[in-house]
Amino acid sequence: MLAHRITALNEERMALLKVLEDSSGGRAPTVEAILEAAIRPLLHTDQDERNKYAHTAKMISRFFLDPDDEITAFLTPFILPFKERILKMLAHALPDLNKDELEWRTTQVFAILHHHMLFADLRCHKLGKNLSVKKELRRLLAFCSAGMRASLDGACAH
């Protein structure tokens, strides 16, 4: 079941990325547009769809938090095509980032997204508020896009 849901999620993401590529006229789509194609499918305004993908995101989060060789081998073929495609598109949109930095930042974006999927409803419930999916999408896109573009000036060198 998890493989089926990951496949459906990534098919939707890949279709959105294709629309971006097809409409870009050969130019790189914006970082925001690329990230929106990755994030929006998880933040459906339809509650049933949102719940379905929230459960999938929670399972994926657990997979990343406590990786197991057998599960990794099973899930990687379902995740890899999307991962490679988004990294390629982000590399085109952010040509000044080297591959290691791009992969690190993209990993952080998805860590934030998975954390959000795990805790956003709980946070809103504790505050006595309803989750505004549109507002959360705007916030996530602004925050993650800024992180993808952030300068390394003054950062610690290793």
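Is F78 buried, partly exposed or exposed? At 28% relative accessibility, F78 counts as partly exposed, where buried means under 20% relative accessible area, exposed over 50% and partly exposed in between (1.4 Å probe, protein chains only). The model is predicted, with local features needing pLDDT of at least 70, side-chain atom pairs counted only at pLDDT 80 or more, and totals for chains, interfaces and linings using all residues. Residues are numbered from 1 along each chain as its sequence is written, and side-chain values use heavy atoms, without hydrogens and water.

The structure holds two aromatic pairs. F74 and F78 form a tilted one, 5.5 Å centre to centre with 55 degrees between the planes. Rings of Phe, Tyr and Trp (its six-membered ring) pair if their centres lie within 6.5 Å; planes under 30 degrees apart count as stacked, over 60 as edge-to-face and the rest as tilted. Because F74 and F78 are four residues apart in helix α4 (residues 69-93), about one helical turn separates them. Helices are DSSP runs (H or I, at least four residues), numbered from the N terminus. F74 is also partly exposed, at 46% relative accessibility.

F82 and F110 form an edge-to-face pair, 6.1 Å centre to centre and 90 degrees between the planes. F82 lies in helix α4 and F110 in helix α5 (residues 99-127), so this pair ties together parts 28 residues apart in sequence. Both F82 and F110 are buried.

The charged end of R13 sits over the ring of F82, 4.6 Å from its centre; this requires NZ of Lys or CZ of Arg within 6 Å of the ring centre and within 35 degrees of the ring normal. R13 is one of the buried residues of α1.

Definitions and conventions. Helices (H or I, at least four residues) and strands (E, at least two) are DSSP runs, numbered from the N terminus.
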